[in-house]
Amino acid sequence: QAIVWDEYLTGPFGLIAQYSLLKEHEVEKMFTLKPGRLPQADVKNIIFFVRPKLELMDIITDNVLREDRGRSPQRDFHILFVPRRSLLCEQWLKEQGVLGSFIHREQYSLDLIPFDGDLLSMESESAFKECYLESDQTSLYHAAKGLMTLQALYGTIPQIFGKGECARHVANMMIRMKREFPGSQNSIFPVFDTLLLLDRNVDLLTPLATQLTYEGLIDEIYGIQNTYVKLPPEKFAPKKQGEGGKDLPTEPKKLQLNSAEELYAEIRDKNFNAVGSVLSKKAKIISAAFEERHHAKTVGEIKQFVSQLPHMQAARSSLANHTSIAELIKDITTSEDFFDNLTVEQEFMSGIDTDKVNNYIEDCIAQKHPLIKILRLVCLQSVCNSGLKQKVLDHYKREILQTYGYEHILTLNNLEKAGLLKPQTSGRNNYPTIRKTLRLWMDDVNEQNPNDISYVYSGYAPLSVRLAQLLARPGWRSIEEVLKMLPGPHFEERQQLPTGLQKKRQHGENRVTLVFFLGGVTYAEIAALRFLSQMEDGGTEYVIATTKLINGTSWIKSLMEKLEPAPF
Amino acid sequence: MSRARADEEEYWHSSKFRAFTFDDEDDELSQLKESKRAVNSLRDIVDDDDDDLERVSWSGEPVGSISWSIKETASSSTSSLEGRDSSLQKGSSSYAAFPKQVSSYSLSSLFKGELCLSLSALSDTGVKNYAPELRRPKADYKDYSSDWSPKDTVRRMQRGKVCSLERFRSLQDKLVLLDEAVAGHDGNVITAVLIFLKRTLKREILFRELEVRQVALCHLIHFLKETGEQKLLLDLLSFFSLSFQLSQYREHLNIQDVEKRREFLKGCIGLPFSAEDTSHIQDHYTLLERQIIIEANDRHLETAGQSEIFRKYPRKASILNMPLVTTLFYSCFYHYTEAEGTFSSPTNLKKTFKIPDKQYVLTALAARAKLRAWDDVDALFTTKNWLGYTKKKAPIGFHRVVEILQRNNAPVQVLQEYVRLVEDVETRLNLATKYKCHDVVIETYKDLKDRIQLTAYKCKVERGSAEEEKINSILNNMVRNAY
């Protein structure tokens, strides 16, 4: 059999099944889905793995119609929808007259994909947009379904907390599914003590700020796709004598990033300013280890050294890679523009001059910096001021439309609908109260040996993670007032467990909380939660689930109106 | 690891467990057929069996490299193992024989298990044993024979089953169905129901009912957008004419012909936008109107080949559909000296669109600097007061002027004139040093009476040059004054 892949799916699927596994299941060939005739392949079955999207259905139709009917043996077509069958798509195929060509039409419910030991994502890119702009809550249904699957495997989660409209919906759906589905009452000892559902729109601020952890910066600058990152190749050129400058690789360097790599696991969540010292320390250790071969005298010692070689070599190449990446990032973080941008962000987040037109933003518009950068800053200012004064908002809007084109009025409108950009209606700015009560801004931040989550943004403590932290201790009752200022309801639900399954907590045993970010989560927030998990007296460990891993740029992009490409 | 893999292979290839293919429901269904009507509740079990929660296989270690298991689970694995097995036994007894070979479990095994299933279901043996032609009629029969309530129908559809909606004949039934679908938050089902309603209901009735069902309304609008049913979409939008003006405005993007696009935008101005938006859309229209005139004119000039500027700097692209600031740059580049009365003159653009001074100066500066028209640049910053004295003023600050000039490779003579005008001493020194405006550096140090810096700067200028001489003479003067 052969698989025809919707290209978007290859990334997530790469995480759960490798080609070798597929081969064991008699997959001979794999193609990417594109219009035209399917490539020749000596296979009986052609399976389409696709998202239920109409534009993809058109491509499939084209593929099927161009198939040579006369060839023998005839090939059979199957279609597998991920994450689920869509009646709309099947209807579409029917109208095109090709529905009958498919022998099997099935769904493969891929709700939550494991990204790391403590991280699950639905990789549903447009979840936030669908929920807030299109009032389409299908992704929430999938989230609830994913959580049911998770509970079937890891036991019923006794406590559910949530904040936000979407969180409420998901909790309601979970409760209903449980009721309508009597079989779901299982007798598995629960792994998770608490589920915390958080709406992205409760904390619109965090993704807008530039992440300053190592992993966060890699994502901000190069974009991590399904744990893979593509980097400019120059710094990775093999440094061997005799071939210098001759064969510079031109293909981007592709690297996988996850905690399976020892060094990466250690530095990924550190503030970037603390990464350099770790790398140089590692370099010393490794070169010392290689030096040891001179001291190896007896055969036994040599044998021992040799047996360690593969491990050492892996460590060395990992170190070389990360040193190169750190160099690339440093070039950017030391640039004047990065510094200026960060300064403005930090001013806004600490509450300075959020109520007037910002000079730096104006300059950036005048110099036609990328529109997304401008939008991130303007939205950040708006969020940090509970909305902009009408005059300020109008000024920004006018400048943006005049410089980037009037059609962007659609994008600005989307941002307003999502609450990212808005006029200050209540006449009161709640942000200072929220900032002070939740201690969102910390002046004395320690980047090297952090003692607070604010290190991930060098001063700003992500609101979402603060909510998680305060829930664990001392509980949300202490911050009722602030919770009321944030959008959407907050709630608590309990799911009864049979007495036999109720946990008797041992002294010193950690509670496990699953935090589900509806609408996306950033790497810096993940880093902050991991930091809390590792705190000695924390008492809570966190596992993170989300609809999508995002950063400010990818997030704003998902909200922008797709404009037709310019005709030239 | 390898042992586990072998186990798994064996497990999948042994015929006993073939019942796990997609078609298993048919088998069970045929068994249940006779007693179907009597034991209505059993159907739920059948349904459950092909739901993902039950169909998942947890058979041991995952194959491949992905095995990041959740570390928290290690401590409680024994107790949860028993739990899992007992959960499997529920529903149908055929699951009881499930092998207990689970050693540890990881998140990825959950997905892998299902993937294996899907693939093996589609492999040759599976297809042969369960002829697909047999399957359809059965499934169809299932649909027609039973009378699911709207709620059940929605639930079935959520699980990806085929359901016939034709049974719902009365308006009442249809609306209940729609409300159930909306309550399920499942866009797939909502859309399916909407397609059905769209086909079977009169337009007016459909619109009227959607008015009180905002979520469904949004879904239908989105669906019509996706499928490109413009006619119905516009009908719908004009029926509601609420806050949907913008999506109407959006339509202009799909119009390639500029004349038609202009006409369309003209029509948009009348829509009830907010005051602010109306003025933007009015501007958009005016701008495109201008661009069409300018474009026609300039294309003519260019092809005639008589205008020097167009010969020297042929246009790279048409000005149509460009943003306002780009248009301003264009007119500063090609039409700088034109009288205010013409459509293409920069001052006319500035007035019509109320372009702020800052924006205007920046754009004009960039355009004139690109043409190396230094006199124009000079004029841009020269103001005369009422006594006739001239004064240099820049609304954007002279450091910005210097940056822009430098980016356009202005010669040092031009550059230093503006560096000199930078007010802040430190910035001035920085810029002067960076761009090698020696005179400015030397004069500034002289004003600061900074001997040390001045001496140090001597090594930066060429030996025997006029600048060196200048430094020397200043240093000598300073010494004399000091005594």
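Trainee: Which strands does helix H3 of chain A lie across?
Mentor: Helix H3 of chain A, residues 54-66, lies across S3, S4 and S5 of chain A. Helix H3 runs at about 165° to S3(A). Keep in mind that this is a predicted model.

Trainee: OK, and what is the order of the strands in that open sheet of chain A?
Mentor: The order is S2-S1-S3-S4-S5, five strands with parallel pairing. Strand S2 (29-32) and strand S5 (102-107) of chain A are the edge strands, and each pairs on one side only. From one strand to the next, the twist averages 20°.

Trainee: Which helix touches S1, S2 and S3 of chain A?
Mentor: That is helix H1 of chain A, residues 7-16, which packs on the sheet. Its direction makes about 115° with that of S1(A), the strand at residues 2-5.

Trainee: How many bridges join S3 to S4 in chain A?
Mentor: Six bridges, between strand S3 (residues 45-50) and strand S4 (residues 76-81) of chain A, and the two run parallel. To find one pair on screen, look at A:Ile47, whose bridge partner in S4(A) is A:His78.

Trainee: Changing topic: is strand S8 of chain A buried or exposed?
Mentor: Buried: that goes for five of the five residues of strand S8 (residues 159-163) of chain A, so the strand is largely enclosed by the rest of the structure.

Trainee: And which residues sit on which side of S8(A)?
Mentor: A:Gln159, A:Phe161 and A:Lys163 are on one side, with A:Ile160 and A:Gly162 on the other. Both faces are covered.

Trainee: What strands is S8(A) joined to?
Mentor: Five bridges join S8(A) to strand S13 (residues 490-494) of chain A, and that pair is antiparallel. Another five bridges join S8(A) to strand S9 (residues 194-199) of chain A, this time parallel. For landmarks, A:Gln159 has A:Arg494 as its bridge partner in S13(A), while A:Phe161 has A:Leu196 in S9(A).

Trainee: What about B:Lys436, buried or exposed?
Mentor: Exposed, with a relative accessible area of 55%. Phi of B:Lys436 is also positive, near 55°, in a residue other than glycine. You will find B:Lys436 in the loop between helix H25 (425-434) and helix H26 (438-448) of chain B.

Trainee: Where is confidence lowest in chain B?
Mentor: In helix H4 (residues 52-55) of chain B, at a mean of 33, whereas helix H19 (residues 324-334) of chain B has the highest, at 93. Over residues 11-145 of chain B, pLDDT stays under 50. The mean pLDDT of chain B is 70, and 67% of its residues reach 70 or more.

Trainee: And what ipTM does the predictor give the complex?
Mentor: The ipTM is 0.79, alongside a pTM of 0.74.

Note on methods. Residues numbered from 1 in each chain as written. Chains lettered and ligands numbered in written order. Predicted model: local features only at pLDDT ≥ 70, side-chain atom pairs only at ≥ 80, totals over all residues. Heavy atoms only, no water. Pairing = 2+ DSSP bridges. Helix = DSSP H or I, 4+ residues; strand = E, 2+ residues; numbered from the N terminus. Axes fitted to C-alpha atoms, helices over the stretch in contact; angles between N-to-C directions. Contact = heavy atoms within 4.5 Å. Buried < 20%, exposed > 50% of the residue type's maximum accessible area, 1.4 Å probe, protein only. pLDDT = per-residue confidence, 0-100.
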